[in-house]
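Trainee: Before we discuss this protein, I would like to know what stands behind each term we use for it. Could we have the sequence and the model in view?

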Amino acid sequence: MEAYLLAFFASVCAGAINAVAGGGTLITFPSLLWLGLDPVVANISNTVALWVGSLTGAFGFKDRLKESMGAFLPLFFSSVLGALVGALLLIKTPSKTFKDIVPFLIFFAVLMLALSEFIKGLLARFAIEDGRLHPLIPTGLQFLTGVYGSYFGAGIGIMMLASLTLSGIYNIHMANGIKNLLGLTINLIGALIFVLSGKVSWPFALAMMPGFALGGYMGARISQRFKPKVVKAFVIGWGTLIGLYMLLIK
């Protein structure tokens, strides 16, 4: 019971962090490893539970989403295709291989979060006069985000914000609303495939679902009132420590 309570509280924190700053998987994935799950099973179980937080996070931005459905649809289809590819890749990856590359996936997620403002500024320099590039660029980037998001997931928030910036969406609250909806798409596609794989730890997944749901909605509401810099700094520090720890115990 204590293990499931820990998984629940970790998912509440992660759901809120995902809605505000991104990187919540850096909380839940290490928690599941610490509780004794196989790395691939932990990642799959986390994804199966995670989509609920994306759903409530998107609901928290429902007023913003009404204004932006035109930009959402092209990115939706590339997200679906990318998520299918990423989920199938994960299922085919041996547990030992996945454990070996996890520290580098974590460092990549941390780097994306740490450089998020620089990345957004860099993207702005390449935007043409009306704030848009050729539509294949943001949709292609969103496809890669879908692949990575379904394979591991931590740090996809900034990757999706990059896609949205290239699509000409600069309002942060509108972008966060679409980001949560695209995250829901990626996580839900991955979850459906993972359910069929037989590698889900259902007791932990079911314990985490309500936590992600609660945290996702709370984070979405809070993020529109407060700056997420403190949360992001915490996630970066935590992710760095976890990445170093997993690198040392390989």
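Mentor: Helices (H or I, at least four residues) and strands (E, at least two) are DSSP runs, numbered from the N terminus. By that reading the protein has 12 helices and 0 strands, and its elements run α-α-α-α-α-α-α-α-α-α-α-α from the N terminus on. The model is a predicted one, in which local features need pLDDT of at least 70 and side-chain atom pairs count only at pLDDT 80 or more, while totals for chains, interfaces and linings use all residues. Residues are numbered from 1 along each chain as its sequence is written, and side-chain values use heavy atoms, with hydrogens and water left out.

Trainee: What makes Ser-11 count as buried?

Mentor: Buried means under 20% relative accessible area, exposed over 50%, and partly exposed in between, with a 1.4 Å probe and protein chains only. Ser-11 has a relative accessible area of 0%, and is therefore buried; its place is in helix H1, residues 2–20. With contact meaning heavy atoms within 4.5 Å, and leaving aside neighbours within four places in sequence, Ser-11 is in contact with Thr-28, Met-208, Gly-211 and Phe-212. Across the protein, buried residues make up 53% of the 250 residues.

Trainee: How do you know that the side chain of Thr-25 makes a polar contact with that of Asn-46?

Mentor: A polar contact is a pair of N or O atoms within 3.5 Å; within protein, one must be able to donate a hydrogen and the other to accept it, and residues adjacent in sequence count only if both atoms are side-chain atoms. The two side chains, of Thr-25 and Asn-46, are listed with such a contact at 3.5 Å. Asn-46 is also one of the residues that Thr-25 touches, among them Asn-18, Leu-50 and Phe-152, when residues up to four places away in sequence are not counted.

Trainee: What makes Lys-199 partly exposed?

Mentor: Its relative accessibility is 31%, so Lys-199 counts as partly exposed. Lys-199 sits in the loop between helix H10 (172–197) and helix H11 (202–223), and its side chain reaches the backbone oxygen of Ile-91 at 3.3 Å. The C-alpha atoms of Lys-199 and Val-41 are separated by 5.6 Å, although the two residues are 158 apart along the chain.

Trainee: Why is the pair of Phe-76 and Phe-77 called edge-to-face?

Mentor: Rings of Phe, Tyr and Trp (its six-membered ring) pair if their centres lie within 6.5 Å; planes under 30 degrees apart count as stacked, over 60 as edge-to-face and the rest as tilted. The structure holds 9 aromatic pairs. In the one formed by Phe-76 and Phe-77 the centres are 5.2 Å apart and the planes stand at 70°, so the pair is edge-to-face. Phe-76, at 26% relative accessibility, counts as partly exposed, whereas Phe-77, at 58%, counts as exposed.

The rings of Phe-108 and Tyr-148 have their centres 5.2 Å apart and their planes at 75°, so this pair is edge-to-face as well. Phe-108 lies in helix H6 (residues 95–114) and Tyr-148 in helix H8 (residues 136–151), so the pair ties together parts that are 40 residues apart in sequence. Phe-108 is partly exposed, with a relative accessible area of 34%, while Tyr-148, with 10%, is buried.

Trainee: Which residues do ring pairs link into a cluster?

Mentor: The cluster consists of Phe-29, Phe-98, Phe-108, Tyr-148, Tyr-151 and Phe-152.
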